[in-house]
Amino acid sequence: MNEAQDLFSLLRQSTDVDPQAIDAIKRTVTEGKERELCRINAPAFASKHGLDEERTISAFLHAARVGIFDISWNVLCPGCGGVLDTNATLKTLQKDEYTCALCSEGYSPTLDEMVEVTFTVSPRVRRIAAHNPHELPLVEYFRQIYWGSGVDLPEEDFAKTMEAFSLEDIELAPGERAVLPIQLPSEFIIVFEPVTHSVQFIDVKGEPTRERRSLSLVFDREHVQSQTLEMLPGPLRISLENRTDTRVLPTVFIAGRELHDLLGKRRPFLTAKRLLTNQTFRDLYRTDTLDINQRLKITSLTFLFTDLRGSTELYERVGDLSAFDLVREHFQVLHEIVAAEAGAVVKTIGDAVMATFPTPDRAIAAALRMRDAMRALNDKSGREDLLLKIGVHAGPCIAVSMNERQDYFGQTVNIASRVQNLANAQAIFATRAVVDDNLTADLLHRNALTPVPHEVSLRGIEREIAIYTIP
């Protein structure tokens, strides 16, 4: 553990990393069970150890940067929560569509809920069985490799949980063949292989039979799904052949209440969208995020634009040097507020800021704090030097790489920018997509703020849209 000690010492040198989070991470790395160190769910880790979520995510990012953890970007099935693909970086997520054999559905990946970000301890720090997943016991392969961190699997007695809906299972080495005799019950049966993601559905119904039937299944990388078969209850011999260069783990599931109950238990996880809007991530990884040709979809992201009103007059009134100091101080305050509200500054353009937030309420919370902060700075100077215009909008967008920076593109971005252009220095302007959010409504109610709607025309938008003034 000498190298681990050195890496944790290096981690503690980062002044903006929560010491409590570092302590919890170090205890888990040194004393935790091996499965606790594979694909760690950072929000769940924070909840378990009573830590602040954002500061915990920041600690894991710093720990990964110094080499304690490896980051994994996993494409998830939104239905069963299974991992359809895993990537060491977001740059290698290039497919336009993924198919889940278990759910028999195809999905176009979005960064909102279909891509999770997890942390696995580096083999330099501690060797765990999951570093060689093809040596994991079948149950642990399902727990640690197949299902994503958003499926809330039981900590204890997971093997018993799986026994409740599993009829049989077997491990086949590369090139190996075997016969699996089973007694088919009157249920919907799934023969699922988690390594190749192969599946065979069997709809078992009708009068039981004593006739001995046979079914042949071949596992390779090309054929992952077969047409659903209908069979009578009774004996069945399944001939299995592994034509891959790794072991396979065919398992016979009963698609009943026990399986659906297991898959229905979910918990929050760190999404790619949330990480891309995290200031620590942007600061640490900068341009090493997206490939220049990637266009990754986000179902909903909240954009906040700010600009200083009358900045030209400010430079004329107080002089270049004083104005520059004021503007720099304003930028520093805005950056701190954005980071504190789980957002990230995408870029600054002149005196303007473009920031993103995972949810509308965090953007509005940031906007309210920004307005108060500017008032405080003005009170300190005794002049109305910093008059901040703020606009907020939420909607779908595309994450792209532009000008060596991870950026965003789409109509949502355009609308957010134009909403800010409408704003004055006394009010925050937001769209219906923002103020109709339940958490935003609660936030405004707690602050005794009532948004005032009015219809406006925005350049490039055919129809008028509702803009709300937050006084």
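1. Exposed here means over 50% relative accessible area, and buried means under 20%. The model is a predicted one. By these cut-offs, Asn 2 and Asp 6 are exposed on the other side of helix 1 from its buried residues, which are Ala 4, Leu 7, Phe 8 and Leu 11. Viewed down the helix axis, these buried residues fall within an arc of 100 degrees, so they line one face of helix 1. An α-helix has 3.6 residues a turn, so residues three or four places apart point the same way.

2. The cover over the buried residues of helix 1 includes helix 2 (19-31) and helix 4 (53-66).

3. Arg 12 and Asp 23 form a salt bridge through their side chains, at 2.7 Å from N to O. Arg 12 belongs to helix 1 and Asp 23 to helix 2, so the pair ties together parts 11 residues apart in sequence. Asp 23 is partly exposed at 32% relative accessible area, and Arg 12 is partly exposed at 41%.

4. A salt bridge also joins Glu 54 and Arg 274, whose closest N and O atoms are 2.5 Å apart. This pair links distant parts of the chain, with Glu 54 in helix 4 and Arg 274 in helix 8 (residues 272-276), 220 residues apart. Both residues, Glu 54 and Arg 274, are buried.

5. Across the whole structure, the search finds 23 salt bridges. Lys 33, Arg 35, Glu 155 and Glu 156 are linked in a network of such bridges.

Key. Residues numbered from 1 in each chain as written. Predicted model: local features only at pLDDT ≥ 70, side-chain atom pairs only at ≥ 80, totals over all residues. Heavy atoms only, no water. Buried < 20%, exposed > 50% of the residue type's maximum accessible area, 1.4 Å probe, protein only. Helix = DSSP H or I, 4+ residues; strand = E, 2+ residues; numbered from the N terminus. Arc of directions from axis to C-beta. Contact = heavy atoms within 4.5 Å. Salt bridge = Lys/Arg side-chain N within 4 Å of Asp/Glu carboxyl O.
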